[in-house]
Amino acid sequence: MESQINNNILLIDDESSILDLYKLIFTYGHKGEKSSDILHSFNFERFQIGQEAYEHCRQSLEYNKRYAVAFVDYYMEPGWNGLETAVNLRKLDPDIYIVVVTGFSDISLDNIQKQLHHDIFFVRKPFNTDELFQLARNLCISWTRDQQFKETNISRNYFNSILLAIQDSLFVINSSGEILTINPATENLLSTTKDNIIGHSIFEFGDEKIFNKILKPETSKKITTPFNTEMENIYHTKIPVSISFSNINDNQLGNSTVFLAKDITNEIKAQKQIQRQNEELKEFNIQLEEAIGKANQMAIEAELANVAKSSFLANMSHEIRTPMNGVVGLLEMLMETDLNEDQQNLAETIKTSANTLLRIINDILDFSKIESQKIELEKFSFNFIDALDDIIQIFYNRAIGKGIDFYYQIGKEVPTFIESDIVRIKQILNNLLNNAMKFTEHGHISLSVEKTANRNELRFEIYDTGIGIPSDKLDKIFSPFAQADASINRKYQGTGLGLPIAKEIISLLGGDISVRSELNHGSTFSFTVAYDVTQPNDAFKEIQSQNVHILYINQSNLIGDLIRSHLVRLNTEFDEIKNPLDLRQTDPPKTILINHEIPDQQLMDFYQLINQYPDTDFIFFYTKNTNRKILNFEEFSNVTILQEPLVLNKLIHKLYKSHFLKIQPLQKSIFKKLDKNILIAEDNEINQLVVRKIFSKFSERFDIANNGKEVLDKMAHKKYDIIFMDIQMPIIDGFQATQIIRKNPPGPNTKDIPIIALTAHVIGGYRDECIANGMNDYLSKPIEINNLLNILDQYFGLERLEVSEITNQNEQKLKTNIFNPKTLLERIDDDYELMNILLKEYMAQGQKLISNISNALEKEDMETLRIEAHSLKGSSSNIDLPDVRDLCQIIEDAGKNKDPDLARKKLPVLNELFRATINMIKEFLDKEAEK
């Protein structure tokens, strides 16, 4: 350790005699003899000018040489004085010790330290050589220890980071079995916090006999590989684990043991599932071997009897398809069971291979039919555009999943209804688009459909930016069992029958197929089919025959052309503008269609536009580039969001609903009370009030839990039939509680209990996150009676008596976003008593929450700010106050992101809006009291 001491020092004085004295002192030491002992020798450099010392120090740092101490004369000429030299040396290396040397007595040590912003050492001339030598020695040792301490802290932080990253549970225990430290994974394994683990005996959580063997060196040496045992969490649930360990001897900890415990619950389940799967696959193999045996026998018989190749292929295809369909079906059932990620990936791989084999078999069968001239066309009238929509939807989603673009264009002259064989047309398009998707890794795929000029004929063109086809191979691709390159079969899989089959079917449909391609530059397949003219259905004719007037707000030329062609196809009257602010009509059209990339600053303009025309239906077209906040427009009853791809049948459905469908009378249901135990987890007091009143309509047997821990405690003492689980709760949140129930159920027969997420989150994809965390379904807040009924009916089957409730379909709805008592009443089934309780409770609790938010912001306590804003958001959502709710969401996000400036900007707006809301609620309650 001593050999690592930094003994580099700088000596700076404008008098050469002082520098000579320094040389004697630091060369021969306090005994006057030159020493090789590192503790009694120094590496020093002498300078008469401060700038020269600074430059030397700067160059030394470039070569990783650092000086521990600088002795600096206070008064020096010319150039920098001692103070300026010290300040600049500190800027270069903040760790260097400064010793100020001076013969003057009027120097203020405090003044120097203030200017240097650091403690210094002070030596007056004439100095004692022994004291000076000893000071230099001590400062070098001190500097070295300071650096070692810093490095130790870095190493300790590095170790702690590694500890956090270990996913298995880690324990450190002493020789008596006391737990000294753990990692975060151990808290999850034992379902409790480190305070309830550290300091306790390992025997409380594991088998005493086994852990005694681990702790004793004479027996632990015999255990050379990981072994399986069980540990017990705080709920006394036994958890199978795999243990690996190491005995260590530490100067501070003494004899101790480090061991890792890996939860192998899923592995044990997987082994059982794999065993069952192997048994099923054995049966599949038997069936497949039987089928192959039959096929081989048929091949021998066909060869001996000189039977035509087509008959043999057809029979073999049928024989193989029978067991393969069973394989695919059973795999789908298996994939719906509780598989871990590896098992799911294996099952999906098997299913993909099975489906590939089925496609090959289908190709062989179709080719056999064609060769045998047994294939027949089935012509009938159908909506051709609707059929195209289905194909576009499928391949658009597949392209997005693969990371490529999918474009589509349907010509204005293409008829909507035709008579032909739609099954075979779809087969051709699926075949060609599948090829394009298969051979395209980057770029895009496009599909265009046009009507030819000379007769009733459609021309299709599929273009891709894929691998392309060499020009000398183009003549082979339509030949059976051949591809442009034999290696294509191995790399991309296929029989080489797809294109020959497509060519034969196209020929039967009265058309032809051609291809243009260049290696590494993509391919274009074009084909034509003939069709007969037919009449549209009633819904389509009704739109075309009526005076449908649409205002079209368009800012995207590419998508705009497609939408415009759809409107022309429907024979609708429409006006087109580019800016929504240009709308200045006192009598607006029934429908406004919007294709607009809406920036944040224009969102409020659209909110005002929607509120301004409550009797107008707004249809927003949403692409992947559109501001996702327009999805919030769906909270308006007169707004519909159409997501990409914009296929015609979607647009027809929305226009037909907007202009022609009549609103059906509401149906009010009377239900028998459920004979089921229901547990509802909800931490918000107002929300608890709501759920008590709502659930009391359907069951007398329900309990409320304030957090996830209470859920687990209640389940340990009572059997429930269903749980409605809030997500964001204190102590243990909804996701954590659900995961504990699924992995370590707190009561018997509770692992598979239906758990319904209950949350105010409305962002896209949140339902998938709930399902991924082990929940069965998703119910958004505020709770809609009909949505709750659907959940209860799905799991238990409600007995109901339907009674018609006549309503006036032209009744004006209150469109304000501030406070809408009508929608609140509809949601709580016209329960005026509950509404009065909710509103009064909201006014009382809301004022407290507003005050708590202000206090938290004043203290910049962003976590409290987030919690209080979240509570006010939930309460406001419960009584249908979307404006207050949205502002609370912004402030909650500001708390989460530690952004007090944003919160300060929004809080005055929230205060003003809250005051206006309270006034409206008071006015409403006063009027209700008068009634």
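Is Lys 898 buried or exposed? Lys 898 is exposed, with a relative accessible area of 53%; exposed means over 50%, buried under 20%, and partly exposed in between (1.4 Å probe, protein chains only). The model is predicted: local features need pLDDT of at least 70, side-chain atom pairs count only at pLDDT 80 or more, and totals for chains, interfaces and linings use all residues. Residues are numbered from 1 along each chain as its sequence is written, and side-chain values use heavy atoms, with hydrogens and water left out.

**Positive phi**

Most residues other than glycine have a negative phi, and most peptide bonds are trans. Lys 898 is not a glycine, yet its phi is positive, about 55°. Its place is the loop between helix 28 (882-896) and helix 29 (900-930); helices (H or I, at least four residues) and strands (E, at least two) are DSSP runs, numbered from the N terminus. Ile 731, also not a glycine, has a positive phi of about 65°. The loop between strand 27 (722-726) and helix 22 (734-743) holds Ile 731, which is exposed at a relative accessible area of 64%.

| Peptide bond | Omega | Loop holding the proline |
|---|---|---|
| Glu 77 to Pro 78, cis | near -10° | Pro 78: strand 3 (69-73) to helix 3 (82-92) |
| Lys 125 to Pro 126, cis | near -5° | Pro 126: strand 5 (121-124) to helix 5 (129-165) |

**Helix 26**

Helix 26 (residues 832-858) has 27 residues and should span 39 Å at 1.5 Å a residue. The expected span is 1.5 Å times one less than the number of residues. The end C-alpha atoms of helix 26 are 39 Å apart, which agrees. Glu 860 follows helix 26 and has a positive phi, near 55°.
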